[in-house]
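Colleague: I have a model open and would like to go through it with you. Could you take my questions as they come?

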Amino acid sequence: MTIAPVQAIPTDAASGQPEEGMALCLSGGGYRAMVFHVGMLWRLYETGLLNQIKRFSSVSGGSITAALLGLKWSRLRFLPAALGADFVPQVVDPIRALASETIDAESILGGLLSGRISDHVASAYNLHLFGGATLQDLPDRPRFVINATNVQSGVLWRFSKPYMWDYRVGQVAKPTLGLAQAVAASSAFPPVLSPFELRLNSSDFTPGTGTDLQRPPFTTRVILTDGGVYDNLGLETAWKRYQTILVSDAGGKTEAEEEPKSDWARHSYRVLNLLDSQVRALRKRQVIDSFVSGTRKGTYWGIRTDIKDYGLANALPCPHDRTMQLAAIPTRLKRLDDETQERLINWGYAVCDAALRAHVDPALQPMPAFPYPKREV
């Protein structure tokens with residue numbers, strides 16, 4: 001018996017059966033994840049599969065990339081010949097420009113001097129990527145779901161164009177919240193960038209849409225943290241809805257440490273990483289077991305994957321020791337140099353290509369080169 005990687009909640013459909021369609025899950029991992037996911041989106045664009053995805057579900061660093069893709073969706077023609085004319089300038093270039101800026105350290109300093117750290121992060125996202133856009137600037141189709149964790153209710157808080165929702169607290173229809181704020185909440189990884197505070201009125205909520213917490217202060221002062229705290233692969237809002245699931249995992253792994261720090265801040269950070277690593281490993285096994293057993297269609301690829309595991313003789317050359325260097329990049333919003341960015345994009349592109357050809361569409365033609373061939377991985 002295959003164990004599902006997500007838990008049922010009271011509002012799930014009674015049948016529990018997903019509908020036909022494809023969803024893409026984007027994990028967290030700071031700038032490392034943000035840039036890695038650009039590479040896999042590049043390959044999905046080329047194959048024509050990107051335009052077939054019905055839902056994008058993201059957490060943390062993955063939400064930065066997903067939200068920008070959603071904002072730019074109407075400007076993309078989804079033609080391979082147009083890749084350099086629309087996808088690269090609309091999606092790749094802005095993400096790379098943000099990855100060239102350090103915003104976590106400046107936000108921490110700003111938060112110590114005035115306001116919340118997460119508000120400063122949101123301001124940086126708005127400046128560099130979103131330009132005042134709101135959730136209402138996302139497309140109607142496909143659906144983009146940006147996930148955060150509600151610290152009060154202990155469950156997922158979902159941001160999307162039709163509504164933002166916590167099944168215990170209730171639903172706010174057609175929210176006009178800024179995209180930068182939604183992404184800042186989703187990527188408020190603890191302990192330093194968390195929490196994100198969302199101020200609302202109880203009248204904003206549709207009556208009767210929360211199961212047991214639709215009342216103040218749950219409806220007036222919402223305290224959010226990183227979406228990866230609840231669902232570190234961004235699975236829940238996709239897995240329960242669609243039969244075919246693509247999972248792009250740029251999460252790290254906690255390595256052994258001979259002398260772990262004993263002060264409360266760094267010790268807490270170490271413990272949080274251990275918890276995340278263990279939960280991620282469990283969910284990954286459950287996802288892959290579901291693919292192997294046939295209960296779900298799709299595939300998984302990760303930043304820590306060995307490309308040889310896909311068994312393709314014509315996969316792009318990605319030595320595991322080189323890709324593991326990329327996987328070891330710290331989970332931060334700290335500047336990445338051009339070489340590292342291009343290696344990350346190449347790696348996301350190559351491992352996505354291998355996973356798709358091995359498990360989704362064997363008829364896809366292999367690519368002869370990386371997006372940045374001089375860098376490789």
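Modeller: The answers below concern a predicted model, and they cover a helix, the aromatic pairs, a cavity and some backbone features.

Colleague: Let us begin with H2. How many residues does it have, and how far does it reach?

Modeller: Helix H2 covers residues 61–72, which is 12 residues. From its first C-alpha to its last it reaches 18 Å, close to the 16 Å expected at 1.5 Å a residue.

Colleague: How many residues of H2 are buried?

Modeller: 12 of the 12 residues of H2 are buried, so the helix is largely enclosed by the rest of the structure. Among them are Gly-61, Ser-63, Thr-65 and Lys-72.

Colleague: Which other residue has a positive phi although it is not a glycine?

Modeller: Phe-78 is one, with a phi of about 60°. Phe-78 lies in the loop between H2 and H3 and counts as buried because its relative accessibility is 15%. For context, most residues other than glycine have a negative phi.

Colleague: Turning to the rings, how many aromatic pairs are there?

Modeller: The structure holds 11 aromatic pairs. In one of them, the ring centres of Phe-56 and Trp-73 are 5.6 Å apart and the planes are at 70°, so this pair is edge-to-face. The pair links distant parts of the chain, with Phe-56 in strand S2 (residues 53–59) and Trp-73 in the loop between H2 and helix H3 (83–99), 17 residues apart.

Colleague: Are those two buried or exposed?

Modeller: Both Phe-56 and Trp-73 are buried. Another edge-to-face pair is formed by Tyr-163 and Trp-165, at 6.3 Å centre to centre with 80° between the planes. Tyr-163 counts as partly exposed because its relative accessibility is 23%, whereas Trp-165 is at 11% and therefore counts as buried.

Colleague: Which residues do ring pairs link into a cluster?

Modeller: The cluster consists of Trp-42, Tyr-45, Phe-56, Trp-73, Phe-78, Phe-87, Phe-144 and Tyr-372. The ring of Tyr-372 also has the charged end of Arg-96 sitting over it, 5.2 Å from the ring centre.

Colleague: A change of topic: how many cavities of 30 Å³ or more does a search of the whole structure find?

Modeller: The search finds one cavity of 30 Å³ or more. The largest cavity holds about 40 Å³ of space.

Colleague: Which residues line the largest cavity?

Modeller: The lining is made up of Ile-9, Val-155, Leu-156, Arg-158, Trp-165, Asp-166, Tyr-167, Tyr-230 and Glu-236. Strand S4 (156–159) and strand S5 (163–166) each supply at least two of the lining residues. By class, six lining residues are nonpolar, three are charged and none is polar.

Colleague: Finally, which peptide bonds are cis?

Modeller: The bond from Arg-141 to Pro-142 is cis, with omega near -5°, and Pro-142 lies in the loop between H5 and strand S3 (143–150). A cis bond also joins Pro-190 and Pro-191, with omega about 5°. Pro-191 is in the loop between helix H6 (179–186) and strand S7 (196–199). In general, most peptide bonds are trans.

Key: Residues numbered from 1 in each chain as written. Predicted model: local features only at pLDDT ≥ 70, side-chain atom pairs only at ≥ 80, totals over all residues. Heavy atoms only, no water. Helix = DSSP H or I, 4+ residues; strand = E, 2+ residues; numbered from the N terminus. Expected span 1.5 Å × (residues − 1). Buried < 20%, exposed > 50% of the residue type's maximum accessible area, 1.4 Å probe, protein only. Phe/Tyr/Trp six-rings, centres within 6.5 Å; stacked < 30°, edge-to-face > 60°. Lys NZ or Arg CZ within 6 Å of the ring centre and 35° of its normal. 1 Å grid on protein atoms, 1.4 Å probe; cavity = no way out; pocket = protein on both sides within 12 Å on 5 of 7 lines; lining within 4 Å. Points joined across faces, edges and corners; volume = space filled by probe spheres on them. Nonpolar A, V, L, I, M, F, W, Y, C, P; charged D, E, K, R; others polar.
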